[in-house]
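Please read them with the structure open.

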Amino acid sequence: MGNSMPDWEYLPKLCLLTVFEKIDEPISLVQFGAVSKYWHSLFNTFLDIKRRSSTNLVPMLMIPFKKSATKRKIYSLQAKSKIAEIEFPKPYTWRYCGSCYGWLATVDESFNITLSNPFENLSIRLPQFDSMAYDSGHYTYKILKVVLSEDPLLHPNNFVVVVIYSVYGRLAFYRPCQENWIYMDVDEDQSLFLDILFHKGLVYAIGHYNNLVWFDVNGVEDDESSKPPKLNTLVPTILRLENYSHRAYLVRSSMGNLYSIHKHLKFEEVGERSVHSIKKFTVFKLILDDENSRLLEKKEVQSIDGDIVFVGDNRTLAVSALDFPEGQPNSIYFTDDFIDTDTYEPFGPRDIGIFHLKDGSLEKYYQFKSSHKDLPPYIWISPSIEYN
C-alpha cells in the first residue's frame with residue numbers, strides 16, 4: 001500500500017509564498033524557512049520580493065536581442081557598463097503591453113493575456129479577452145496597457161489587473177476570484193484612457209484630454225452577472241486642443257503625493273514618414289479629498305518631490321533621489337510608447353531620454369541602436385535583487 005501522505009517539503013512555489021505572507025511573527029518566518037533547503041530557498045525569494053516592493057528598486061531597461069529568439073538584454077542605469085542577458089521565451093518582435101513588479105504582459109492572436117516573470121521563471125495566463133473585432137491593426141497593439149495592483153508573488157489571490165484596450169482607450173479589470181473580465185461601461189468620447197494608478201484602494205485612470213476618473217473594484221461580486229462599478233469623474237473630457245497630450249501618466253511620489261504627467265510630441269516629415277520626438281513634459285500636482293474622492297486642486301509644478309520618474313508602457317514609477325543617487329532629481333526617464341492609432345504601427349524605440357523639469361533640457365541615458373528602428377519599444381522592468 002503506497003504512502004498517500006502529501007509531500008509537504010515540496011509544496012508549489014506560489015502556495016509557500018502565500019503561507020510566508022500570512023505569517024506575522026519574524027521568528028516564525030525564520031523557523032518556516034529552516035524546514036528544508038527548498039523552503040529556505042523560497043524564504044530568501046520571499047525576502048527579496050519584500051525588499052523589492054518596499055524600496056522601489058530602480059528599474060532596468062529591457063532591450064530586444066536580435067541574435068536570440070529567447071533572450072533579452074537588460075541595461076542597468078546604476079552601473080552603466082552592466083548589460084545582462086535574461087531568458088524570455090517570446091520572439092524579439094513581440095511588444096510588451098505592461099511591466100509591473102517584475103512581471104511583463106503580452107497578448108497573443110487569440111487575445112489571451114499572459115503575465116511572465118523572467119526573474120522567477122513563472123507565468124500566469126489570464127482569461128481570454130474580448131476579441132475586439134471592430135478594431136483595426138495588429139493584435140499586439142489592441143491591448144494598450146496592463147497594470148497590476150500588487151505583485152502576484154506576494155498576493156497570489158488578492159491582486160487586480162486593469163487593462164486599457166482598443167483604439168478608444170477603454171477599461172476592463174480582472175481578479176483571481178473572477179472567471180472572466182469585467183468591462184467598464186464608458187462612452188467613447190469619455191474614454192481615450194492612457195494610464196492607470198492604484199491609490200488607497202481605488203483605481204484612477206487618465207486620458208488624452210486630461211480626463212480623470214476613478215472606480216472601486218472592491219465591492220464587485222465574483223459572478224458573471226456582476227455589473228461593472230460606477231465610473232466617477234474628477235476631471236471631465238473637454239475635446240479642446242489645448243487639453244490634449246499625446247501620452248499622460250499618473251504617479252504617486254515617494255512622499256505619497258499624486259501627480260499627472262503629460263507628454264507632448266512634435267512631428268516632422270522624413271521622406272514618406274512622419275517622425276515624432278519629445279517636445280516637452282508638463283506636470284500637475286493633484287490634491288484629492290480622500291474622504292469624498294473629489295479633486296480639490298490641480299496645479300502645474302516643476303518638481304515631483306525631487307523624485308526620478310520612469311514612464312512608458314510600464315507601471316509609472318517614482319523613485320526617490322536618495323535611492324537613485326546616480327539619477328537626476330526632478331527628471332523624467334522616458335521610453336518611446338507612442339503608437340499611431342491611424343495605422344496601429346509602432347515606429348521603433350527612437351524617442352528615449354531624460355527630461356529635466358527645472359529647465360526643460362534633454363539628455364540620453366542609452367544610445368538608440370538604428371538596427372532596432374522597426375522593433376517594438378524598449379520597456380522598463382523592475383529587477384530582482386541580484387540584477388540591480
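1. A cavity here is a set of points, on a 1 Å grid over the protein atoms alone, where a 1.4 Å probe fits but cannot get out, and lining residues have an atom within 4 Å of a point. The model is predicted: local features need pLDDT of at least 70, side-chain atom pairs count only at pLDDT 80 or more, and totals for chains, interfaces and linings use all residues. Residues are numbered from 1 along each chain as its sequence is written, and side-chain values use heavy atoms, without hydrogens and water.

2. Three cavities reach 30 Å³ or more; a volume is the space filled by probe spheres set on the grid points, which are joined across faces, edges and corners.

3. Pro59, Ser99, Cys100, Tyr101, Asn314, Arg315, Leu317, Trp380, Ile381 and Ser382 line the largest cavity. Strands S4 (98-100) and S25 (379-381) each give at least two residues to this lining (strands are DSSP runs of E, at least two residues, numbered from the N terminus).

4. The second largest cavity holds about 50 Å³. Its lining includes Arg72, Tyr92, Pro376 and Pro377.

5. Tyr92 sits in the loop between strand S3 (83-87) and S4. Why does Tyr92 count as partly exposed? Its relative accessibility is 25%, and partly exposed runs between buried, under 20%, and exposed, over 50% (1.4 Å probe, protein chains only).

6. Beyond neighbours within four places in sequence, Tyr92 has contacts (heavy atoms within 4.5 Å) that include Arg72, Leu375 and Pro376. Tyr92 and Leu375 are 283 residues apart in sequence, with 7.9 Å from C-alpha to C-alpha.

Note on methods:
1 Å grid on protein atoms, 1.4 Å probe; cavity = no way out; pocket = protein on both sides within 12 Å on 5 of 7 lines; lining within 4 Å. Helix = DSSP H or I, 4+ residues; strand = E, 2+ residues; numbered from the N terminus.
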